[in-house]
Structures are given as C-alpha cells and as structure tokens.
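Colleague: I am new to this structure and would like to go through it with you, step by step. Could we look at it together?

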Amino acid sequence: MSSIADTLMERRAALITKAQEMAQKGVTEDRDLTIEEQSSFDAMIAEAGQLQQRAKAIKDGEDRGRELEDSFRGATGKEMQKREDSAGEFGKWAREARMGDTFDVKMVPGAERRAIASRGAETRAMSASGGVAADGVYGQLWQYAVAGSQLLQSGVDILNTTDGNVLPLPVATVHATTGTANAATPAAISASGAITANDATVTTVNLSVSKYGYLTLVPSELVQDVNFDLEGYISQAAGRELARTLSFIGTTALIAGFTTQGVAGPVGTTVSLGSQATAGMGSDLLVNLFHSVLPEYRTNASWLMADSSFAAIRNLKGAPNGSSIWQPALTAGDPDTILGKPVYVVPQLPSMGVSAKSIYFGELSALKVRIAGGIRFERSNEYAFGNDQVAFRALVRTGAVTVDPNAVKFFQNSAT
C-alpha cells in the first residue's frame with residue numbers, strides 16, 4: 001500500500017482506538033455515554049469509515065495500475081515508460097512542496113503553434129537559451145489558453161523571451177514602392193540611369209511587459225488524493241486566466257495600434273449595420289471594409305468583433321443573390337467565415353454603439369503578443385489555513401504592440 005494509504009489507515013486506527021477508549025470508560029464507570037461523548041464517538045466512527053474508503057480507493061487504483069503494467073508487459077514484452085516530464089514534476093511539487101517553494105514552467109518552442117492548431121500564428125523563441133523538452137505543463141496551459149481566447153487563434157504573432165527587458169521592434173508606417181509613387185506600372189530605368197528613391201518610413205516601438213497574476217484555492221483533500229488529476233485542474237484554471245489576461249492585453253494594443261478607419265457607418269446606424277435593403281448598409285459595409293484593406297493583407301486576414309456584433313451580422317437578411325456573407329464552419333473546431341475569411345469573437349472589443357470601433361479586419365500577425373520568462377507558480381498552505389485549502393499562485397509577464405498600422409482597419413458606427 002502507498003504511503004498515503006498507509007497514513008490514512010494509521011489515522012483510522014487511531015480514531016478507532018480513541019473511540020474504543022471512550023466506550024470502555026462508560027463501561028468501567030457503569031454508565032451510559034453522555035450526549036457529548038456519544039456525538040464524539042459517532043463522529044470518530046464515521047470519520048474512520050471515510051478514511052477506510054479513501055484508502056481502499058487509493059489501493060484499488062494502484063492495483064489497476066499494476067494490472068495494466070502486467071498486461072502491457074505480457075503483450076509487448078516491454079516495460080511501460082514512466083512519465084518524468086515537467087508535468088510529473090509539477091504534480092509532485094503541487095502535492096509535496098513546502099510553503100514558498102516555486103515551480104518555474106519552462107517555455108517549450110512550438111507549444112503555442114500546436115495549441116493554435118496551425119491557424120497561421122507565427123511562434124518563435126527569441127533567445128538561444130530556450131530549452132527543448134516535452135510540452136508538459138506549458139503545453140497544457142497553452143491548450144486551455146487558446147481554447148479560452150479566440151484572439152490567440154486569429155493569427156497574432158506570439159513572441160517568447162527569456163527576460164523582460166524592453167524589446168524594440170520595427171514599425172513601417174509607409175512602405176517603399178517601385179518606380180514613381182502612385183504609378184500604375186514601375187518606371188523603367190535606362191542604362192546608367194538614376195534609380196528613383198522611394199524609401200519606406202520605418203520607426204521603432206518598444207514592446208515592454210507587465211506582471212499579472214491569479215490565485216486559486218484547492219481543498220487539501222484534493223491535493224492529497226493521488227487519483228485526482230491535480231495537474232489538469234491547476235493547468236486548466238491557470239490557462240483560463242492566462243487567456244483572459246492575454247486577450248485583454250492584446251485587444252488593448254489592437255485598439256491603440258490599428259487606428260485607420262476602413263468604413264464609417266452611415267447616419268442613423270449608431271447601434272447596427274443599418275438596413276440590408278438599403279444600398280451602402282448591411283453587408284455592403286462589410287464588403288467595403290474588406291476591400292479597404294490592401295490585397296496583400298487580405299490573404300491571411302481575419303475578422304475580429306464582439307459576440308453581439310457577430311450576431312447582428314448573422315441576422316442580416318436578403319444579402320446579394322439571396323445568400324449570406326456569413327457561412328458556418330463545415331468542420332468542428334474551425335471558425336465561421338465572412339466573405340470567406342475566419343471570424344473570431346473577442347469579448348473585450350466594444351459592441352456596436354455610438355462611434356464604436358466595433359469590427360476589425362486584416363492581417364493579425366501585425367499584432368505582437370509577448371511572454372517574458374514563462375510562468376512562475378508558488379504555493380502556500382498558510383494563506384487559506386482557516387478553510388483547510390492550499391493556495392496556488394501564478395505570475396506571468398506579458399505585453400503587446402502593433403508593428404504595421406496598415407495591416408488592419410476597422411468599421412466605426414455612426415455618431416448620430
């Protein structure tokens with residue numbers, strides 16, 4: 001039997017011994033137990049029964065594990081490999097660490113790419129010191145984070161850095177062109193002729209990070225039970241909070257960095273796209289927004305909007321040719337589309353309202369989301385001592401900026 005099961009049975013034996021001593025005292029004194037003694041006796045016997053059930057469940061789980069290993073060994077002639085990756089280390093730390101012990105979740109190159117399921121987001125390690133190992137906890141965190149944040153699925157560029165120093169990134173506000181500016185065709189150059197200069201306008205933007213955290217409380221019983229998937233529980237809770245944080249940071253940078261209006265809502269459409277039956281309203285506005293973005297940015301473009309804005313688009317009736325510009329996804333897990341481009345719902349974007357910048361469209365890789373130094377976990381047995389809970393705290397340093405203001409444009413509702 002495992003050490004945890006042994007400990008439970010020792011506690012059970014001690015309770016039974018104490019209850020027997022209490023009962024024997026009543027017999028020795030030739031009297032019935034008092035109400036307080038009887039209540040205490042019943043409570044100890046009930047707790048002893050619960051401890052036995054928990055110990056039996058642990059032992060049964062271990063027996064099933066041994067049977068599985070024996071079956072695998074008999075079928076293959078090989079031993080089952082034991083997990084020694086970071087997830088196993090994380091579970092051991094979560095159950096056994098002392099107050100103040102930390103667990104650093106190392107960045108795993110490619111974990112974000114696998115979590116995003118190849119939706120076009122570029123991921124790369126920005127430092128040569130990044131290690132390579134099993135995805136472990138880091139991969140689980142990103143799976144839950146991506147599932148909880150459609151912004152991360154939209155094609156944003158996720159950058160990993162080992163430290164939090166300011167990272168300067170180039171920003172092209174005006175792109176260089178060939179030949180004469182605004183010419184339909186490039187200008188030919190004669191032999192020994194001068195090449196017309198038409199430089200891009202390039203500046204830099206500093207991508208800094210700030211620290212964010214969350215705190216979750218876990219009942220001590222769940223920490224002690226070996227059959228409980230503690231790693232999965234904490235990874236899910238941390239991943240969801242990570243998703244909310246990254247979505248908020250990314251959306252804030254999106255609104256601040258992409259400042260070019262593609263289309264403005266006509267007068268009288270402060271909280272909608274107007275009437276589908278009226279030219280220049282309804283789906284016409286979305287078509288105009290689509291074509292306001294340069295063709296080179298439309299290849300991998302996506303739509304971003306709040307859920308209420310998406311609902312308004314889905315409710316548009318009588319689109320050209322009797323069809324809808326919105327099309328549901330044909331494969332589970334894939335996004336719906338508008339004009340053939342994927343739609344991602346971002347709760348942090350404003351709903352349609354007076355002068356609201358409610359719909360964004362373009363190449364989202366121009367939005368850089370940075371994670372500095374991975375994620376740090378800490379635990380405390382003292383924080384929620386009164387409730388017999390173990391506290392787990394996670395800290396992450398992140399930031400976001402845009403590097404190409406031409407890549408994404410927005411639809412803005414009318415002010416009147």
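Predicted model: local features only at pLDDT ≥ 70, side-chain atom pairs only at ≥ 80, totals over all residues.

What follows is a conversation about the fold, the aromatic rings and the surface.

Colleague: Among contacts with a separation of 6 or more, what share comes from residues 24 or more positions apart?

Modeller: The contacts considered here are those in the protein chain with a separation of 6 or more. Of these, the share that joins residues 24 or more positions apart is 81%.

Colleague: Which parts of the chain does the pair of W303 and F361 tie together?

Modeller: The structure holds three aromatic pairs, and in this one the rings of W303 and F361 are tilted, with 4.3 Å centre to centre and 40° between the planes. W303 belongs to residues 302–305 and F361 to residues 357–362, so the pair ties together parts 58 residues apart in sequence, namely strand β8 and strand β12.

Colleague: Is W303 buried or exposed?

Modeller: A residue counts as buried when its relative accessible area is under 20%. The relative accessibility of W303 is 0%, and F361, its partner in the tilted pair, also has a relative accessible area of 0%. W303 therefore counts as buried.

Colleague: How many residues apart are Y360 and F410, which also form an aromatic pair?

Modeller: Y360 and F410 form a tilted pair, at 5.6 Å centre to centre and with 50° between the planes. Y360 is buried with a relative accessible area of 1%, and F410 is buried with 2%. The pair links strand β12, where Y360 lies, to F410 in strand β15, and these distant parts of the chain are 50 residues apart.

Colleague: Which residues do ring pairs link into a cluster?

Modeller: Two of the members are W303 and F361, whose rings form the tilted pair at 4.3 Å. With the remaining member included, the cluster linked by ring pairs is F290, W303 and F361.

Colleague: On the surface, is Y383 buried or exposed?

Modeller: Y383 is found in strand β13, which spans residues 367–384, and together with L215 and L217 it makes a nonpolar surface patch of about 290 Å². The cut-off for an exposed residue is over 50% relative accessible area. Y383 has 56% relative accessibility, and therefore it counts as exposed.

Notes: Residues numbered from 1 in each chain as written. Heavy atoms only, no water. Phe/Tyr/Trp six-rings, centres within 6.5 Å; stacked < 30°, edge-to-face > 60°. Helix = DSSP H or I, 4+ residues; strand = E, 2+ residues; numbered from the N terminus. Buried < 20%, exposed > 50% of the residue type's maximum accessible area, 1.4 Å probe, protein only. Patch = residues over 30% accessible without salt bridge, like charges linked within 9 Å, V, L, I, M, F, W, Y side chains within 5 Å. Areas by Shrake-Rupley, 256 points an atom, 1.4 Å probe, with all protein chains shown as cover. Salt bridge = Lys/Arg side-chain N within 4 Å of Asp/Glu carboxyl O. Contact = heavy atoms within 4.5 Å.
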